[in-house]
Structures are given as C-alpha cells and as structure tokens.
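Hello,

Here is the structure I promised to pass on. Have a look at it first, and then read my notes below.

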Amino acid sequence: MATTDTKTRRLSVNAAFLKDIKDDNRDLKILLDRIGPLAEHQQTATNHWPELIRLFADLCDQLALHFSLEEAYGYFDDAVMTAPQLSICAELLRGQHSHMFVQIRGLADRALEISPEGVEQVSQFLKEYDQFRQIFEKHEEAELKLILDALDDDIGVGD
Ligand SMILES: [Fe+2]
C-alpha cells in the first residue's frame, strides 16, 4: 500500500514537471538559437560582440532560473524513493547544474573583458562556449530520459 502511494505520487510529480521543463526550455531555446549563428564563426562573433555580451548575460540569468526551478520542484526526490538506479542518475544530473552555472557565468564575465579584436581570445571563448553547449544539450537529454525512465518504471512495474 505504501509502495502504491509512493508510485502514484512519483508519476504525478514527474508529469507536471515534464510540462514545466518544456515551457522553460522554449525560452532557453530562443536564446540559444540567437546565440548560435553569432557564435558559429569568429568574424560574426567579432562583428556582433556587444550583442553577444547581452545575450550571454541573459543566458546566465535564464540558466540560473532554469536550474533553480528544476531543483526547487525536486522531481528527482520523488523518483529516487523507489528506484535506486534513478537515484544515482538524478544525483549526478542535479550535481551538473552548479558546474554548468559556474561555466556560463565565467563565459558571461569573460565576454565583458574580451576585446573583440583579440583573435585568440575570441577563438578560445567560442571554443569554450561550444563545449558548454554540448554539455548542456547532453544534460537536458539525460534529464528528459530520466523523467521518461521514471514514468516507464512507474507504469511498467504497476500491478
Ligand atoms: Fe537540469
């Protein structure tokens, strides 16, 4: 009986959060889509540096909100109560938030200090942003998979 209660609660929390995360991702996607073409080529980045500074500051704010919303609603906590493997994965993914935030805040700060004419600096900056983007994309995919796995687990093991 206690098991059924736990499973029911887990499913509803995850379903609601899945909707929230989609809504949040839309705002983030717009921002990432704006940065994308500007950060793709060095010359484009140099030509649009003041815009990139603003976009990186916005991205920093958006990610702070995104991560704190995810952590505040704590869908992980419900998921980990009945599935140890999900718990390990959830701990890992939640732990990535702070690392990613440090990374993006560092990039936003550096964008302010860099002279857009500094070829090496801009090149290095764009390389680091590309790495960040890939890490973030993998994280988002893994989080969605975690939610889906939790939902599958909940439905599959039900009686
Ligand atoms: Fe996340």
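**The iron site**

The iron ion is held by Glu70 (OE), His97 (NE2), His139 (NE2), Glu143 (OE) and Glu143 (OE), with distances of 2.1 to 2.5 Å. Please keep in mind that this is a predicted model. Along the sequence, the donor residues of the iron ion follow the spacing E-x26-H-x41-H-x3-E. Within this set, His97 in helix 5 (residues 84–113) and Glu143 in helix 6 are a pair that links distant parts of the chain, 46 residues apart. Both His97 and Glu143 are buried.

**Aromatic residues**

Next, the rings. The structure has six aromatic pairs. One of them is Trp49 with Phe125, an edge-to-face pair at 5.3 Å centre to centre with 70° between the planes. Trp49 belongs to helix 3 (residues 49–73) and Phe125 to helix 6 (residues 119–156), so this pair ties together parts that are 76 residues apart in sequence. Trp49 and Phe125 are buried.

Phe125 also pairs with Phe56, again edge-to-face, at 5.1 Å centre to centre and 75° between the planes. Since Phe56 lies in helix 3 and Phe125 in helix 6, the pair ties together parts that are 69 residues apart in sequence. Phe56 is buried, as is Phe125.

**Nonpolar cores**

Which residues have the most contacts inside the largest nonpolar core? They are Phe56, Leu59 and Tyr129, in a core of 27 residues. Helix 1 (2–40), helix 3, helix 5 and helix 6 each give two or more residues to this core, and the largest share, eight residues, comes from helix 3. Leaving aside neighbours within four places in sequence, Tyr129 is in contact with Leu32, Ile35, Ala39, Phe56, Leu59 and Leu107.

There is also a second, separate core of five residues, and among them are Leu86, Ala90, Leu93 and Ala150. Ala150 sits in helix 6. Is Ala150 buried or exposed? Its relative accessibility is 2%, so Ala150 counts as buried. Although Ala150 and Leu86 are 64 residues apart along the chain, their C-alpha atoms are separated by 7.2 Å.

**Salt bridges**

Finally, the charged side chains.

- Arg94 and Glu91 meet at 3.6 Å, N to O. Both lie in helix 5, three residues apart, about one turn of the helix. Arg94 is partly exposed at 27% relative accessible area, and Glu91 is partly exposed at 47%.
- Glu128 and Arg110 meet at 2.9 Å, N to O. Glu128 is in helix 6 and Arg110 in helix 5, so the pair ties together parts that are 18 residues apart in sequence. Glu128 is partly exposed with a relative accessible area of 25%, and Arg110 is partly exposed with 27%.
- Glu137 and Arg133 meet at 2.9 Å, N to O. They are four residues apart in helix 6, so about one helical turn separates them. Glu137 is partly exposed at 40% relative accessible area, and Arg133 is partly exposed at 27%. Salt bridges that share partners join Asp130, Arg133 and Glu137 into one network.

Happy to go through any of this with you.

Best wishes

Conventions: Residues are numbered from 1 along each chain as its sequence is written. This is a predicted model: local features need pLDDT of at least 70, side-chain atom pairs count only at pLDDT 80 or more; totals for chains, interfaces and linings use all residues. Side-chain values use heavy atoms; hydrogens and water are left out. Rings of Phe, Tyr and Trp (its six-membered ring) pair if their centres lie within 6.5 Å; planes under 30 degrees apart count as stacked, over 60 as edge-to-face and the rest as tilted. Buried means under 20% relative accessible area, exposed over 50%, partly exposed in between (1.4 Å probe, protein chains only). Donors are N, O and S atoms within 2.8 Å of the metal (3.2 Å for Na, K and Ca); water is not among the atoms, so sites may look incomplete. A nonpolar core is a set of buried Ala, Val, Leu, Ile, Met, Phe, Trp, Tyr and Cys residues joined through side-chain atoms within 4.5 Å. Contact means heavy atoms within 4.5 Å. A salt bridge is a side-chain nitrogen of Lys or Arg within 4 Å of a carboxyl oxygen of Asp or Glu.
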